Structures are given as C-alpha cells and as structure tokens.
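Please have the sequence and the model open while reading.

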Amino acid sequence: MAFGIKREELQLWKRRVEEGEVVFLTHYWLDDRFPDCDTVTKVGCADIDKLAAWGEKYGLRKEWIHRDPRHPHFDLFGTRQFEILKSERQWEQIRRFSLSD
C-alpha cells in the first residue's frame with residue numbers, strides 16, 4: 001500500500017520514466033514482507049539498459065528491475081535507499097520522508 005504522495009507527483013514520475021529519464025519517487029509504504037521499512041523509493045527509467053547501468057553503480061543487479069511494461073524501476077528501501085538518495089543528492093525526498101533519522 002502506497003501513500004504520502006500526490007497524484008500529480010506520480011503522473012510526473014511516470015511521464016519522465018516514459019521519456020527515458022532516471023527519476024526518483026519516494027512514498028510511504030506498508031508491506032508485511034518488510035516490517036522494518038515504511039518508505040520505498042522507486043527509481044525508474046523506460047530505457048532498461050540505462051536503468052541497469054545506473055543501478056550497477058550501486059551494486060543493483062539488472063534482474064532486480066521490476067519489469068513493469070511502461071514504468072520499469074528498482075525498489076529501494078532501508079539503508080540502501082538512504083545511501084543512494086544521499087549519493088544522488090535527493091535532499092528533498094530525504095527531508096520529506098525523514099530518511100536521515
């Protein structure tokens with residue numbers, strides 16, 4: 001279950017993904033499989049090779065890409081989520097979702 005983002009934010013993320021940009025979208029998230037995580041960052045790009053090359057910098061494997069037909073993405077959470085967002089200078093998302101605490 002996702003919450004904490006506006007419809008416009010999601011639509012903008014989708015459009016930029018479809019245009020081939022590597023873009024970030026963080027939102028609150030609850031999933032019983034990951035009880036210690038309450039946020040997830042989706043890093044998407046319609047160009048799978050470009051997304052895979054981006055992920056390789058952070059030790060993310062190409063096979064971890066969620067192969068959504070229009071919005072392929074990596075899901076980041078936990079420590080890796082924070083470290084990657086920090087490295088990518090995504091300060092607004094870090095602040096907004098209190099990820100540095």
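## The start of helix α2

In this predicted model, a side-chain oxygen of aspartate 47 comes to within 3.2 Å of the backbone nitrogen of aspartate 49 at the start of α2.

## The two faces of α2

Helix α2 spans residues 48-56, and its buried residues are Ile48, Leu51, Ala52, Trp54 and Gly55. Viewed down the helix axis, these buried residues fall within an arc of 160 degrees, so they line one face of α2. An α-helix has 3.6 residues a turn, so residues three or four places apart point the same way.

Asp49 and Glu56 are exposed and sit on the face turned away from the buried side of α2. The buried residues of α2 pack against strands β2 (23-29), β3 (39-44) and β4 (73-76), and against helix α3 (78-87).

## Aromatic pairs

Seven aromatic pairs are found in a search of the whole structure. The ring centres of phenylalanine 24 and tryptophan 54 are 5.8 Å apart and the ring planes stand at 75 degrees, so this pair is edge-to-face. Because phenylalanine 24 belongs to strand β2 and tryptophan 54 to helix α2, the pair ties together parts that are 30 residues apart in sequence. Phenylalanine 24 and tryptophan 54 are both buried.

Tryptophan 29 and phenylalanine 77 form a tilted pair, with 5.5 Å from centre to centre and 35 degrees between the planes. Tryptophan 29 lies in strand β2 and phenylalanine 77 in the loop between β4 and α3, so this pair ties together parts that are 48 residues apart in sequence. Tryptophan 29 counts as buried because its relative accessibility is 12%, whereas phenylalanine 77, at 26%, counts as partly exposed.

## An aromatic cluster

Phe24 and Trp54 also belong to one aromatic cluster with Tyr58 and Phe74.

How values were computed
Residues numbered from 1 in each chain as written. Predicted model: local features only at pLDDT ≥ 70, side-chain atom pairs only at ≥ 80, totals over all residues. Heavy atoms only, no water. Buried < 20%, exposed > 50% of the residue type's maximum accessible area, 1.4 Å probe, protein only. Helix = DSSP H or I, 4+ residues; strand = E, 2+ residues; numbered from the N terminus. Arc of directions from axis to C-beta. Contact = heavy atoms within 4.5 Å. Polar contact = N/O pair within 3.5 Å; in protein donor to acceptor, adjacent residues only side chain to side chain. Phe/Tyr/Trp six-rings, centres within 6.5 Å; stacked < 30°, edge-to-face > 60°.
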